[in-house]
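Take a look at it before reading on.

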Amino acid sequence: MSQTIQQELLHLSGSGLLRSTRMIAGRQDSTVTVDGRECLLLCSNNYLGLAGHPALADASSRAACLFGTSSGASRLVSGTMALHEELEQAVARFKQTESALLFNSGYAANTGIIPALVGRGDTVFSDRLNHASIVDGIILSGAKMIRYPHNDVQALARLMERQCGKGRVLIVTDGVFSMDGDLAELAGLIELKRRYAAFLMVDDAHGSGVLGSQGRGTAAYLGCTEGIDIQMGTFGKALGSYGAYAAVPDEVRKILINRSRSFIFSTSLPPPVLAASLAALNMVQAPEGEELRKRLHELVQYFREKLRQNGFTVAADPTPIIPLIVGDASVTMDFASALLADGIFLQGIRPPTVPSGTSRLRCTLMAAHTIEELDRAVEWITFHGRSRGIL
Ligand SMILES: Cc1ncc(COP(=O)(O)O)c(C=O)c1O
């Protein structure tokens with residue numbers, strides 16, 4: 001056993017795919033201490049900086065004092081606390097749906113929702129670049145998975161024409177693609193979902209809080225809220241907390257409560273987390289949230305343009321996820337290590353997170369970054385990119 005594991009580790013290491021975690025100190029602010037040294041943080045999904053906001057910390061500590069630190073069991077066992085219900089109602093208002101159901105994380109949501117809605121004999125059409133938790137949810141469901149080329153609505157139409165048979169049909173997509181920062185073609189997907197009487201599920205982990213009026217997400221940004229059956233979102237990214245939700249019609253909520261194994265068989269979110277999420281939802285819809293989003297979008301435009309001026313190929317997407325494609329996994333990791341040595345902490349992303357040959361540096365911006373910090377980052381990224389022949 002241990003010999004085969006060692007061989008596997010050696011193989012991962014030899015192909016530049018060995019992963020390990022880094023010790024950091026401090027909050028997810030614009031700078032963080034990595035291995036004892038202050039570095040510019042360019043790889044956190046804390047887009048609005050809410051993870052360190054005093055309003056969330058206050059709400060969380062008050063909830064811990066009043067309601068304790070655990071929910072004690074699954075909600076079907078020890079009950080729904082008032083904070084669960086309050087947060088679900090707040091999510092439903094935020095996403096303008098009939099109701100919502102909480103999940104313990106985005107991963108738990110996707111692996112819980114999809115198998116609750118489809119199973120053997122059903123078909124799921126999934127964008128090729130969807131998040132791994134969606135893929136795992138489809139595999140768990142036992143439904144037939146058909147992956148369509150990234151954001152290619154015409155190709156999806158052809159596949160649906162050929163493949164839609166008996167059983168339920170689900171189209172599932174990221175709203176903002178987590179490793180590319182581009183947006184789903186929601187209008188085209190809604191049209192197809194109507195044509196083929198399919199369900200449409202959108203995972204808006206990275207759009208919620210960031211895009212659209214009051215941060216309502218990618219669908220709101222694109223003006224496409226009608227026609228999405230399941231709007232999944234998370235609290236662990238722009239909302240600075242933890243957990244996830246499905247914003248859905250009442251009948252879908254009922255079926256999820258009865259069929260989602262990650263909802264049924266797992267202790268529910270604890271009061272301090274629920275209270276932080278509630279505070280975050282209020283914040284993103286308030287003028288302060290609007291200000292943070294405005295600041296973030298200015299920084300996003302500035303950083304994308306500056307990289308472009310320095311010779312990088314950067315799309316014009318409105319999101320704080322900015323990939324710099326390198327290609328080879330080992331070169332990517334070496335690039336990231338060189339940047340860290342110069343005080344820039346960003347992550348190299350390799351297969352299986354992204355397709356082979358598309359390893360990349362994934363830069364993520366936060367409203368708390370300054371122009372000076374971004375200038376410094378671009379300078380070092382350009383310097384190390386040039387010395388590796390990437391530019
Ligand atoms: C698109 C997408 N969906 C789901 C998840 C999982 O969410 P969580 O981190 O809350 O488990 C992520 C997290 O990286 C994601 O990027």
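The shell around the ligand divides into three nonpolar, nine polar and two charged residues. Bear in mind that the model is predicted.

**Around the ligand**

- There are 14 residues around the ligand.
- Of these, S105, G106, H131, S178 and A205 come nearest.
- Helix α5, residues 106–117, gives the most to this shell. Its share is three residues.

- Across the boundary, 19 residues of domain 1 are in contact with 18 residues of domain 2.
- On the side of domain 1 that touches domain 2, α13 (287–309) and β11 (321–327) each supply at least two residues.
- The largest share of that side comes from α13, with four residues.
- By class, the side of domain 1 that touches domain 2 holds ten nonpolar, five polar and four charged residues.

**Helix α8**

- Helix α8 runs over residues 186–195. Its buried residues are L186, L189, I190, L192 and K193.
- Seen down the axis of α8, these buried residues fall within an arc of 165°, so they line one face of the helix.
- The face of α8 turned away from the buried side carries the exposed residues A187, R194 and R195.
- What lies over the buried residues of α8? The cover includes helices α7 (153–163) and α9 (218–222). It also includes strands β7 (169–174) and β8 (199–203).
- Just after α8 comes A197, which takes a positive phi of about 50°.

**A four-stranded sheet**

- Four strands form an open sheet with mixed pairing. Their order is β1-β2-β3-β12.
- Which strands stand at the edges of the sheet? They are β1 (24–25) and β12 (344–345). Each has a single partner strand, so one side of each is left without a neighbour in the sheet.

**Pairing of β1 and β2**

- β1 and β2 pair in the antiparallel sense, over two bridges.
- A25 stands opposite T33 in β2.
- β1 and β2 form a hairpin with five residues between the strands. In this hairpin, G26 takes a positive phi near 95°.

**Pairing of β2 and β3**

- β2 (residues 31–34) and β3 (residues 37–41) run antiparallel. Four bridges join them.
- T31 has L40 as its bridge partner in β3.
- V34 has R37 as its bridge partner in β3.
- β2 and β3 also form a hairpin, with two residues between them. In the turn, D35 has a positive phi of about 50°.

Definitions and conventions. Residues numbered from 1 in each chain as written. Predicted model: local features only at pLDDT ≥ 70, side-chain atom pairs only at ≥ 80, totals over all residues. Near = placed C-beta within 6 Å. Nonpolar A, V, L, I, M, F, W, Y, C, P; charged D, E, K, R; others polar. Buried ≥ 20, exposed ≤ 12 C-beta atoms within 10 Å, placed from the backbone. Arc of directions from axis to C-beta. Contact = placed C-beta atoms within 7 Å. Pairing = 2+ DSSP bridges.
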